[in-house]
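Work through the following exercises with the sequence and the coordinates at hand, and try each task before reading its solution.

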Amino acid sequence: MDGLVVVDKPSGWTSHDVVARMRRIFGQKRVGHAGTLDPDATGILLVGLGRATRLLKYVQETGKVYEGVVAFGIATDTLDAAGVELQREPMSFTRADLESAKSRFIGDIEQIPPMVSAIKIGGKRLHELAREGIEVERAPRPVHISSIEISDFQDGPFPTAAITVACGSGTYIRTLAADLGSALGGCAHLQSLRRTFVGTFGLAEAHSLEAIEADPAACTLSPASMVRDLSSISVDPIQSASVRHGAVFSLDALPIGDNEGPFALLDGEELIAVYERRGSGLKASVVVALPVEPA
C-alpha cells in the first residue's frame, strides 16, 4: 500500500516504535516517518507507506504547532520531565513578565540543540552520546518561531505555564522552555508536549494505533494528500505517460506561470510525480506512479 497515515502517537512510544508497528499492521517493510517525536511527547506523527515514503521530505520541512506545559524553577538534564533533576530554586514572576520574556523568542532565533536530540556529531547521534554520559559542544542552529501563546498560567514558588507554539522545522520546544526560564532569571523544563499540527495535518485527521490496526485502509490517505499544499498541475494522458517515465519538460510545456514550485503533477486525482525547476527545465524529483503498460 502507498499512502500516508496520520498517527496520534501515544506517550511512551518512540517514533521508531510506531514505524515498526506500522510495518506489522500493513505487512510491508517500506515505511518511514517525518519529524521525530520524543518518547514522552504525544500527537501528530506522519507515517509514509510504500512509494509514498519518498514524499515525506515535502512534509518534513513544513511548520509545526505544539501544545506544552513549562515548569519553572526546576531544571533537568534532558530539559524535560523524563530527565534527572539538576536544580530546584523557587521563582517569582507574573504572567505579564512571562508575556514580555516570550517576545525575545519570536521570529528568527538561534537555539543550541539539546544533548538528547537526534543530531549527529562526529558520526554519532547526540542522544547516544548522552546515554554514555558524554556532553559535547553544540553549535547554535537557526530556527523560526511564528508565535507563542500562553493559554494558562499558574503562579506560586514553582510556576507553570501552558503554551502553544507555532514554529518552523527543527525547533526544540524543550530548549525554548529552558530558555524561557533563563530569561526570567531562573530555570525551567518542559513538563509535557503534544504536537497538534504538522503542516496542514492536524489531530482531526489523526488516528490512534488501535484504530489503525482495526481498519488500516480507512486510516490511509492517498499519496496526493501528502503534497496537497504544493502547486498542482493536471496533465493529459500523453503527458502522464511521459511523466511516469520521468521525462524532462521545458518551462513552457506546463502551466507553471511564475510559480517557483515544487509542482504536484496529477492525472485526475492520482499523483504521478513531483517536479521541480532545474535550470531551464522541469525535472522529476519524485515519481510515484508506475508506468502504464500498453494494452
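**Exercise 1.** Determine in which sense β4 and β11 pair, and over how many bridges.

*Solution.* Strands here are DSSP runs of E with at least two residues, helices are runs of H or I with at least four residues, and both are numbered from the N terminus; two strands pair if DSSP finds at least two bridges between them. By this criterion β4 and β11 pair in the antiparallel sense over 8 bridges, and within this pairing V65 stands opposite A166 of β11. Turning to β12, one finds that β4 pairs with β12 in the antiparallel sense too, over 9 bridges, with S192 of β12 as the bridge partner of V69.

The model is a predicted one, in which local features need pLDDT of at least 70 and side-chain atom pairs count only at pLDDT 80 or more, whereas totals for chains, interfaces and linings use all residues. Residues are numbered from 1 along each chain as its sequence is written, and side-chain values use heavy atoms, with hydrogens and water left out.

**Exercise 2.** Decide whether D80 and R174, which form a salt bridge, are buried or exposed.

*Solution.* A salt bridge places a side-chain nitrogen of Lys or Arg within 4 Å of a carboxyl oxygen of Asp or Glu, and by this rule the count comes to 12. For D80 and R174 the closest N and O atoms are 3.3 Å apart; the pair links the loop between β5 (74-76) and β6 (85-88), which holds D80, to R174 in helix α5, 94 residues apart. D80 is buried, because its relative accessible area is 10%, and R174 is buried with a value of 7%. Salt bridges that share partners join D38, D80 and R174 into one network.

How values were computed. Buried < 20%, exposed > 50% of the residue type's maximum accessible area, 1.4 Å probe, protein only.
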